[in-house]
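Here are a few notes to read alongside the structure, written as numbered points.

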Amino acid sequence: MRIPLVAGNWKMNTTVAEAEELVCDMLDMLDRIKGVEKVLCPPFVSLVAINMMLRGSSIKLGAQNMWLETKGAYTGEISPVMLRELCEFVILGHSERRWYFGETDEMVNKKVNAALNHGLKPILCVGERLEENEAGRTEEVIGKQVTAALNGIKPTVLSVAKNLVIAYEPVWAIGTHRAASGEQAAATIKFIRDILAKLWNKDIAQDLRILYGGSVTSNNIAEFISQPEIDGALVGGASLEAEEFLSIVNQTAEIKYPHLSSPLKGEDR
Ligand code: PEP
């Protein structure tokens, strides 16, 4: 069974003090929610402080980006070797990186390789733009992005199903309050799973977690999580409010584990 995962992408929000306050506001409750992998991705400058706050808890830390070399003359960049001291996860190929900072499929592929080779778990983002969606080109675009990002990655060596997470994030749904429907998202995620089965094998395709991202809130998370294909969410704006994020994670646990009345009390997972 795939363990659900909910990650909060804080983007370029929160000073170190604000990040600490936000973690303080959710730490105890978030820690007690069982059965869901919980990941916070604050800005780089807060990683050290938040790493210390999360020690001994069940909450994991992620970075929002990284460069693909281990060290050297890359002014302003952060390497996988630096990150792995602090984080377990790293978001790669986010559409804001692709469209505002010119990240190509080739760069994303090198970053995914570098992250896996240095023991970081990439949350690889893929998604089509509005005009591509409207032109019926979603599968073509997603197919190209997924295949390019995973080019050359050997599943046997790196046990990718455990170490890699994919997030389907339609660009038109990010920060727009215009989420995809649960059915639309599940269909594209199923399509991604089919690509993984062809690229590697059926077992990996079945085991690898694929999230939905794009205007997820406490009001619509149930629609996504109740789809068996969808293994969790990458949450932007709504992860900046403690109550919202807690509700999203809590609903995820409740829906994926319906036999337990309150995930907050579930001690057996
Ligand atoms: C994101 O940043 O990955 C994201 C999905 O943002 P939002 O939830 O704000 O749409």
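A term to start with: a nonpolar core here is a set of buried Ala, Val, Leu, Ile, Met, Phe, Trp, Tyr and Cys residues joined through side-chain atoms within 4.5 Å. Please also keep in mind that this is a predicted model.

1. **The main core.** The largest nonpolar core has 71 residues, and L150, L196 and Y212 touch the most other members. Helix α10, residues 182–199, is the element that gives the most to this core, contributing seven residues. Apart from this core lies another one, of twelve residues, with V39, C41, I91 and A167 among them.

2. **Y212 and its neighbours.** Y212 is worth a look on screen. Not counting residues up to four places away in sequence, Y212 touches Y168, P170, A173, A179, A180, A185, I189, F224, I230, G232, A233 and L234. Y212 itself sits in strand β7, on the side of the strand that also carries I210.

3. **Strand β7.** How many of the residues of strand β7 are buried? Five of the five are, across residues 209–213, so the strand is largely enclosed by the rest of the structure. Cover is found on both faces: R209, L211 and G213 are buried on one side, and I210 and Y212 on the other.

4. **The partners of β7.** Strand β6 (residues 165–168) pairs with β7 in the parallel sense over four bridges, and I166 stands opposite I210. Strand β8 (residues 232–235) also pairs with β7 in the parallel sense, over two bridges. There, G213 has L234 as its bridge partner. L234 is also among the residues that Y212 touches.

5. **Strand β2.** Turning to another strand, all five of the five residues of β2 (residues 37–41) are buried, so β2 is largely enclosed by the rest of the structure. E37, V39 and C41 point one way from β2, whereas K38 and L40 point the other way, and all are buried. Two of these residues, V39 and C41, are listed among the members of the twelve-residue core. Strand β1 (residues 5–9) pairs with β2 in the parallel sense over five bridges, with N9 standing opposite C41.

6. **The ligand site.** Which residues are closest to the ligand? Of the 14 residues that surround the ligand, the closest are K11, E169, G175, S215 and G236. N9, the residue opposite C41, has a side-chain N or O atom 3.1 Å from an oxygen atom of the ligand. A polar backbone atom of G236 is 2.8 Å from a ligand oxygen, and a backbone N or O atom of G237 likewise lies 2.8 Å from an oxygen atom of the ligand. On its own the ligand has 290 Å² of accessible area, and the protein covers 96% of this.

7. **S215.** Is S215 buried or exposed? This residue, in the loop between β7 and α12 (221–225), is buried because its relative accessible area is 17%, and the cut-off is under 20%. A polar atom of the S215 side chain lies 2.6 Å from the backbone oxygen of A173, and one lies 3.3 Å from the backbone nitrogen of T176. Leaving aside neighbours within four places in sequence, S215 is in contact with A173, I174, G175, T176, H177, R178, A179 and N220. One of these, G175, is also listed among the residues closest to the ligand, as is S215.

Key. Residues are numbered from 1 along each chain as its sequence is written. This is a predicted model: local features need pLDDT of at least 70, side-chain atom pairs count only at pLDDT 80 or more; totals for chains, interfaces and linings use all residues. Side-chain values use heavy atoms; hydrogens and water are left out. Buried means under 20% relative accessible area, exposed over 50%, partly exposed in between (1.4 Å probe, protein chains only). Two strands pair if DSSP finds at least two bridges between them. Contact means heavy atoms within 4.5 Å. A residue is near a molecule or strand if one of its heavy atoms lies within 4 Å of it. A polar contact is a pair of N or O atoms within 3.5 Å; within protein, one must be able to donate a hydrogen and the other to accept it, and residues adjacent in sequence count only if both atoms are side-chain atoms. Accessible areas come from the Shrake-Rupley method with a 1.4 Å probe; for residues, only the protein chains shown count as cover.
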